[in-house]
Amino acid sequence: MFRPHFDLPLRNDGSQRFLPLIVALMVYLASLAMGGLLVVHDAVGRWDRGLSGTFTVELPPAPDTGKDDGAVESALTVLRKTPGVESAEPLGFERTAKLLAPWLGASIDAGDLPLPRLIDVKVDPRAGIDTAALGAALAAAVPKAVLDDHRRWLDRVIRAALALETVAAIVVGLVALAAILAVVFATRTGLAVHHATVEVLHLIGARDRYIARQFERHALRLGLRGGFIGLLFAALTFLGIAAAAAEAGVVRADIRFLPALSAPPAQWALLLLLPPAAGIIAMATARITVLRSLRRMP
Amino acid sequence: MIRFENVGMRYGSGPEILRDVTLHLEPGSFHFLTGPSGAGKSSLLKLMYLAERPSRGAISIFGRDIATTPRRDMPAMRRRIGVVFQDFRLIEHLSAFDNVALPLRVADAPTRQVKEQVSELLTWVGLAAHIDARPPTLSGGQQQRVAIARAVIGRPSLLLADEPTGNVDDAIAFRLMRLFEELNKLGTTVVIATHNRTLVDRFDQPHIHLEDGRITVERTPKGGAG
């Protein structure tokens, strides 16, 4: 005697049984694409922020004689006179060797390699230092001195990241399109299977919206269910990747070979929107499909 | 109430099932629609309950020309028409109660009204004990009564029935016909397609006879009324 939610037996409909699995797969793929996008976006942002206030001055290796040629002091003098430079710190051999340890090993001997001398420079990003002029001044003071503001490297990284973000956005779009097609197919099958019942409802005066509502609620339910299943598996995958990357990417506790797979929690929370989005897309698709089909009835 | 002017109808590119049908049914009238199998009775009813469109000619129902009525207005018109289908067309996964309640629900009737009216009507047609039964568990006659209850629950202005007494015994057929007459007395226009000559003779109402898609005879009751 209770009022049923569905006049149509869609819940028992075998033709739509696989829709949640298809949606789950789609949401899983979309989650991976979006998660990758978030990680890359965050990493680029961190690199950009980290490097925007720093320069590195690279001086030629010290002469073999072991005497101080005064190059470091000359470069420091130029740097300290430049407005906007907050600090200029020469990196000793030990720190340089530590930076190269992931590639060259920890046991580098000072006499083995002609390592360039480096000066770590911190600047006020708002000062608008003319890097070309500063580079020229350094080269005039110390022949072969090079000022690296990391911009060239960072620009290449940003271009690569943008390409990755574009690919991820295309993947998400294609996944959404595939999900829409799956819902269209399932809804049309449902309409065909339940044609007799739909016709009865139509003939007793049900508006198209009344009939469509039954399909759209059903699609919403299946879409949400599939969406949460897909997100759950995506979350497990992310945890697995993060654990594997942490293990493979850290050479020593203080030296990280790969960037951490991280993004702010607010950005990860965006992924929680995927299941509702899948449900809403499924619902809207079912509604449009049913309304278009019913329009063919007199 | 219903006006057909030179109506012809065919399914797809097939032969004409109805030809040059012209008829006028006044509001509150009661008509039997008779004729042999294949004469076009069901097709004529389908045009009346707006399930099909004519191939030619003009149809007006409730004073509205069907050809110019916007599609969005059709559901409201259909809700004024009760139909007893020849094959019942009950929804198998719904109970007798829910099947009968459908016309009220699609019209957004309050739940309480639905409960009261449906229970009352199912009791009246002798199915109080089968209110929660699903159609496949009911006999043919019981299914037919559910179908009739569904057709009349919305107090339609026009009631169309295709062989409504085909699966019930004479006593129940007589009772159902009395129900149709009662509704007719309350102002519902009734059209009943039937093979049952006994029924037609017994109730002495005007009837329209179809042969090969054409109206061949329109008879008034022996009593002279109509």
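**Figure 1. Helices α3 and α5 of chain B in contact.** In this predicted model, the axes of α3(B) and helix α5 (residues 140–152) of chain B come within 7 Å of each other and cross at roughly 25°. The two helices, α3(B) and α5(B), are therefore roughly parallel to each other, since angles under 35 degrees count as such. The crossing in which α3(B) passes α5(B) is right-handed. On the α3(B) side the contact is made by B:Ala96, B:Asn99, B:Val100, B:Leu102 and B:Pro103, and on the α5(B) side by B:Val146, B:Ala149 and B:Arg150.

**Figure 2. Helices α3 and α4 of chain B in contact.** Helix α4 (residues 111–124) of chain B packs with α3(B) at an angle of about 130°, and the axes of the two helices are 9 Å apart. That angle makes α3(B) oblique to α4(B). The crossing of α3(B) and α4(B) is right-handed. From α3(B), the residues that meet α4(B) are B:Ala96, B:Phe97, B:Val100, B:Ala101, B:Leu104 and B:Arg105, and their counterparts in α4(B) are B:Gln113, B:Val114, B:Gln117, B:Val118, B:Leu121 and B:Leu122.

**Figure 3. Burial of helix α3 of chain B.** Helix α3 (residues 96–106) of chain B is largely enclosed by the rest of the structure, because 10 of its 11 residues are buried. The buried residues of α3(B) are B:Ala96, B:Phe97, B:Asp98, B:Asn99, B:Val100, B:Ala101, B:Leu102, B:Pro103, B:Leu104 and B:Val106. Just after α3(B), B:Asp108 takes a positive phi of about 60°.

Figure 4. B:Asn6, which lies in strand β1 (residues 2–10) of chain B, has a phi near 50°, a positive value in a residue other than glycine. B:Asn6 counts as exposed because it has 12 C-beta neighbours inside 10 Å. B:Leu50 is found in the loop between α1 (41–48) and β4 (56–61) of chain B, and its phi is near 65°, again a positive value in a residue other than glycine. With 21 other C-beta atoms within 10 Å, B:Leu50 is buried.

**Figure 5. The largest nonpolar core and the surroundings of A:Val23.** The largest nonpolar core has 111 residues, and those with the most contacts inside it are A:Val23, A:Ala282, B:Val100 and B:Leu160. Helix α1 (residues 19–51) of chain A gives the most to this core, contributing 15 residues. Leaving aside residues up to four places away in sequence, A:Val23 touches A:Ala179, A:Leu222, A:Gly223, A:Gly226, A:Gly227, A:Gly230, A:Ala278 and A:Ala282.

**Figure 6. The domains of chain A.** The domain assignment of chain A gives domain 1, made up of 10–49 + 153–294, and domain 2, which covers 61–144. The C-alpha centres of domain 1 and domain 2 of chain A lie 50 Å apart. Chain A has nine helices and six strands, and buried residues make up 30% of its 298 residues. Among contacts in chain A between residues at least 6 apart in sequence, 86% join residues at least 24 apart.

Methods
Residues numbered from 1 in each chain as written. Chains lettered and ligands numbered in written order. Predicted model: local features only at pLDDT ≥ 70, side-chain atom pairs only at ≥ 80, totals over all residues. Domains from an automatic or database assignment. Core = buried A, V, L, I, M, F, W, Y, C linked by C-beta atoms within 7 Å. Buried ≥ 20, exposed ≤ 12 C-beta atoms within 10 Å, placed from the backbone. Helix = DSSP H or I, 4+ residues; strand = E, 2+ residues; numbered from the N terminus. Contact = placed C-beta atoms within 7 Å. Axes fitted to C-alpha atoms, helices over the stretch in contact; angles between N-to-C directions. Parallel < 35°, antiparallel > 145°, perpendicular 65-115°, else oblique. Left-handed = near helix turned anticlockwise from the far one by under 90°.
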